[in-house]
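Okay, thanks for coming, everyone.

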Amino acid sequence: MARAVSTRRTIFFTIAAWIVALIIFFPILYTIITSFKSETEAIQGFNLIPSGTIESYIDVQTQKDYFKPFMNSVILSVGSTILALLISVPAAWSMAFSPTNKTKDILMWMLSTKMMPAVAVLVPIYLIFRDFGLLDSRIGLMFMLMMINLPIVIWMLYTYFREIPGEILEAARMDGASLWGEIWYVLTPMAVPGIASTMLLNIILAWNEAFWTIRLTTTNAAPLTAFIASFSSPQGLFWAKLSAASTLAIAPILIMGWFSQKQLVRGLTFGAVK
Amino acid sequence: MGNITLKKVNKSFGETQVIPSIDLNIQDGEFVVFVGPSGCGKSTLLRLIAGLEDTTSGTIEIDGRDVTGEAPAKRGLAMVFQSYALYPHMTVRNNIAFPLKMAKLDQALIDKKVTDAARVLNLTNYLDRRPGQLSGGQRQRVAIGRAIVREPSAFLFDEPLSNLDASLRGTMRLEISELHHQLKTTMIYVTHDQVEAMTMADKIVVLNAGNIEQVGSPLELYNKPDNLFVAGFIGSPRMNFASGQVAAPFNAHTIGFRPEHTQISRESGSWAGVVGVAEHLGSDTFLHVHVDGIGMVTVRTGGNVAVEHGDKVFLTPDADRIHRFDVKGLAIR
């Protein structure tokens, strides 16, 4: 009896989970479907079966170069992630292993910067970028992306490092490991999974960041987010082309996300579930 | 060699004095147990010897060499932690080999030592597993293996069995004692469990609030406790205490008598009482008897006593086994 109930529950939850997943995934799915429609089909209303034409993809390629914004996206997301790690690893390390009574306050202060809407600092940051000649430059944007994600990266790494038990470090010390031995043989291998999933998450966040990338670039440093935006142009909306451009923009990160699912889920739920 | 001498060792964390001043001498080859209630400073004392904490003042000598300012690794000691503190990303083999690798030993020699240690500890079949794939007892043995291969001048154990279940704890207790007989190396063992202290130690150091209350062999502490604290801490079930009117005839402020040194009778005896809870263990029975003027008295009797809750009984302490204490709680001898 109990078994029957639990089977029924399992079926119910499986169906419910699929429905929720489909609802969440639907906009992306519909974008992909629309990208395989002709422009006339696309504006005709809701239709789940496309004609399967790839003319939008060809149009997108001929109208605009995909490769350059793609390379910009790669450089910006990877570059900003490396920059963020260079700063956040030592920061999180020192807060996790030798905390002071101000550590919690500093962490809260860092997080509080994420509570402010980005648009509130748009004008000052735009002016700073203009005056320093950083507008439409990869370096400037890389710093910007690094800074907006830094609080999250530090928080994640801090939680990871906190999970490494102090006794293991003491054991290494007793076993005769020098400071470098301790860092190289014990700490780093234990911290690598945490650093890896933080890195993946940060790449995704930076790849998808649209507010600053669109506003601070024009052509040279424009990544894929700006590439998509350029298809919603003053000449009118071209749904199929816009969808094709979007699909092209999200495909790389979707594939990467798919292959690193396990790492990502671990990263996002770490600390909550042991 | 593993002769450890503490001279006026003091440890304070900020304003708080954890260990006011301790003098202690540990002979080579001794199995010494630091025992005391939680917060008594026993773990801190061990960590001071290990070098994981710095002394505030005083000196620590190992084989006559002052090591007070030395790094942990330079002291030639090995430690087994409560949480085992194994390296989770390394196999059992690499865990045990780690201290040898740090000492830059020859690979062939490392392999030989690891194999030997694994054989002694029954870990040969587990050498290629990770700590996460082992049971609690096996992890504990890996931690001990990592300590053995270094051939330290002394082993330090910090409550190593407290994460294990009761039956495994009994087995590991025997294994560690056996190991001590084989290696004949100094061992310092911290525990809050007085049964572990009594069964394993050559010498017990009873600590309370950072002070040494008494140092002696298990039976010395059991038979001749120096003060009320030691009398109450060593022995299970706990010693009974009585003061005032009851103690006066013995020329003492307080008297103590152990549950196993108290006779029970239905007809006559020194004190009359009413039986409360009777705990039948099969081999023994612990009777909790309420005696007017003393309070609850625990009596240990044989396994087959037909005494029930509410029965009237008489208790008589063995006259030559009564411990007498003065106003300050010190033993009168």
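Let me start with a question: which residue in the turn between strand 15 and strand 16 of chain B has a positive phi? Bear in mind that what we're looking at is a predicted model. The residue is B:G293, with a phi of about 90°. Strand 15 and strand 16 of chain B make a hairpin there, and three residues sit between the two strands. Strand 15 covers residues 284-291 and strand 16 covers residues 295-302, and their antiparallel pairing runs over eight bridges. If you want one position to look at, find B:V289, which has B:V297 of strand 16 of chain B opposite.

Staying in chain B, let's go to the open sheet. Six strands make up this sheet, in the order 6-7-8-3-9-10, and the pairing is mixed. So who's at the edges? Strand 6 and strand 10 (211-216) of chain B, and since each has a single partner strand, one side of each is left without a neighbour in the sheet. On average, neighbouring strands here are turned by 20° against each other, if you ignore direction.

As a reminder, strands in a sheet pair through backbone hydrogen bonds, either parallel or antiparallel. For a parallel case, take strand 7 (residues 154-158) and strand 8 (residues 186-191) of chain B, which pair over five bridges. B:L156 has B:I188 as its bridge partner in strand 8 of chain B. And lying across strand 6 and strand 7 of chain B you'll find helix 4 (residues 136-148), which runs at about 175° to strand 6 of chain B.

Next, the helices of chain B. Helix 2 and helix 3 (residues 107-120) of chain B have axes that come within 10 Å and cross at roughly 130°. That angle makes helix 2 of chain B oblique to helix 3 of chain B. The crossing of these two, helix 2 and helix 3 of chain B, is right-handed. On the helix 2 side of chain B, the contact is made by B:R93, B:I96, B:A97, B:L100 and B:K101, and helix 3 of chain B brings B:I110, B:K113, B:V114, B:A117 and B:A118. By class, that contact between helix 2 and helix 3 of chain B has seven nonpolar residues, three charged and no polar ones.

Helix 2 comes back when we turn to the two chains together. How many residues of chain B touch chain A? There are 16, in contact with 14 residues of chain A. On the chain B side, the elements giving two or more residues are strand 6 (77-80) and helix 2 (92-102) of chain B. Helix 2 of chain B gives the most, with three residues. And that side of chain B has 14 nonpolar residues, two polar and no charged.

Last stop, chain A. The domain assignment gives domain 1 (2-57) and domain 2 (66-230) of chain A, and the centres of these two domains of chain A, taken over C-alpha atoms, are separated by 34 Å.

There's also a helix pair to see: helix 7 (residues 138-162) and helix 9 (residues 179-208) of chain A, whose axes come within 10 Å and cross at roughly 155°. Helix 7 and helix 9 of chain A are therefore roughly antiparallel to each other, and their crossing is right-handed. Among the residues making the contact are A:M156 and A:F161 of helix 7 of chain A, and A:G194 and A:L205 of helix 9 of chain A. That contact of helix 7 with helix 9 of chain A divides into ten nonpolar residues, four polar and no charged.

Okay, over to you for questions.

Conventions
Residues are numbered from 1 along each chain as its sequence is written. Chains are lettered from A and ligands numbered from 1 in the order in which they are written. This is a predicted model: local features need pLDDT of at least 70, side-chain atom pairs count only at pLDDT 80 or more; totals for chains, interfaces and linings use all residues. Two residues are in contact if their C-beta atoms, placed from the backbone, lie within 7 Å. Helices (H or I, at least four residues) and strands (E, at least two) are DSSP runs, numbered from the N terminus. Ala, Val, Leu, Ile, Met, Phe, Trp, Tyr, Cys and Pro count as nonpolar, Asp, Glu, Lys and Arg as charged, and the others, Gly among them, as polar. Two strands pair if DSSP finds at least two bridges between them. Axes are lines fitted to C-alpha atoms, for helices over the stretch in contact, and angles run from 0 to 180 degrees between N-to-C directions. Angles under 35 degrees count as roughly parallel, over 145 as roughly antiparallel, 65 to 115 as roughly perpendicular and the rest as oblique. A crossing is left-handed if the near helix is turned anticlockwise from the far one by less than a right angle, and right-handed if clockwise. Domain bounds come from an automatic or database domain assignment.
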